[in-house]
Amino acid sequence: MADSFLVYYVYKYCIFDSVWIGCFKSYNSISMLKVILIDDEAAPLDILDYFLNRYFVGQVQVVDRARNIDEAYRKILQHNPDLIFLDFNMPRGFGYDLLERFPVRRFDVIVMTAYPAYRERAMQYGILGFLDKPLDPDDFRLAVQAVIEKRRLNPEGEYFLRKN
């Protein structure tokens, strides 16, 4: 009986009343995404934090920040995040050096870089989104919304295998 009610509800109110997105957000919501911000510079970390708090309050929680690859590795193991924002050009290593340590992972990655040439290499690691520096608020919102939607459709997460 409950399933038939849901089908009727979705059919009557979500499709025909043009509230499709809000309907599924309320019915099939996900818990807050745990996020780690990784960049060697303080300013991009502050901007990311600001954008997340401005556009995704109640949907994401920044659990930590890291300023280098080794620190990021430890914090990912500690917090088990759903999403990391990763600067690809870091001191003492590149973003892919961090991802090499996780050949199988349950977190999504949005890469931030001022060097578009890194995109091709990053694609080998199952990157979900790319943001060019300086960060554009519209591109940022689209990238984070893609992660939220992916997690809504697959709340258990998906294991990404690095391509050889």
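Ring pairs link Y50, F51, Y55, F56, F85 and F140 into a cluster, where rings of Phe, Tyr and Trp (its six-membered ring) pair if their centres lie within 6.5 Å, and planes under 30 degrees apart count as stacked, over 60 as edge-to-face and the rest as tilted. This is a predicted model, in which local features need pLDDT of at least 70 and side-chain atom pairs count only at pLDDT 80 or more, while totals for chains, interfaces and linings use all residues. Residues are numbered from 1 along each chain as its sequence is written, and side-chain values use heavy atoms, with hydrogens and water left out.

Trainee: How many degrees lie between the planes of F85 and F140, which form a stacked pair?

Mentor: The pair links distant parts of the chain, with F85 in strand 3 and F140 in helix 7 (residues 137-153), 55 residues apart; helices (H or I, at least four residues) and strands (E, at least two) are DSSP runs numbered from the N terminus. Both F85 and F140 are buried, a term that means under 20% relative accessible area, with exposed over 50% and partly exposed in between (1.4 Å probe, protein chains only). Their ring centres lie 5.7 Å apart, and the angle between the planes is 20 degrees.

Trainee: Why is the pair of F102 and F107 edge-to-face?

Mentor: F102 is buried, with a relative accessible area of 8%, and F107 is buried as well, at 3%. The ring centres of F102 and F107 are 5.3 Å apart, and the pair is edge-to-face because the planes stand at 85 degrees.

Trainee: Which residues have the most contacts inside the largest nonpolar core?

Mentor: A nonpolar core is a set of buried Ala, Val, Leu, Ile, Met, Phe, Trp, Tyr and Cys residues joined through side-chain atoms within 4.5 Å. The largest one has 21 residues, and those with the most contacts inside it are I38, I84 and L98.

Trainee: What is the distance in space, C-alpha to C-alpha, between L45 and R67?

Mentor: L45 lies in helix 3 and counts as buried because its relative accessibility is 1%. Leaving aside neighbours within four places in sequence, L45 is in contact (heavy atoms within 4.5 Å) with L37, I38, D39, R65, A66 and R67. L45 and R67 are 22 residues apart in sequence, and their C-alpha to C-alpha distance is 9.1 Å.
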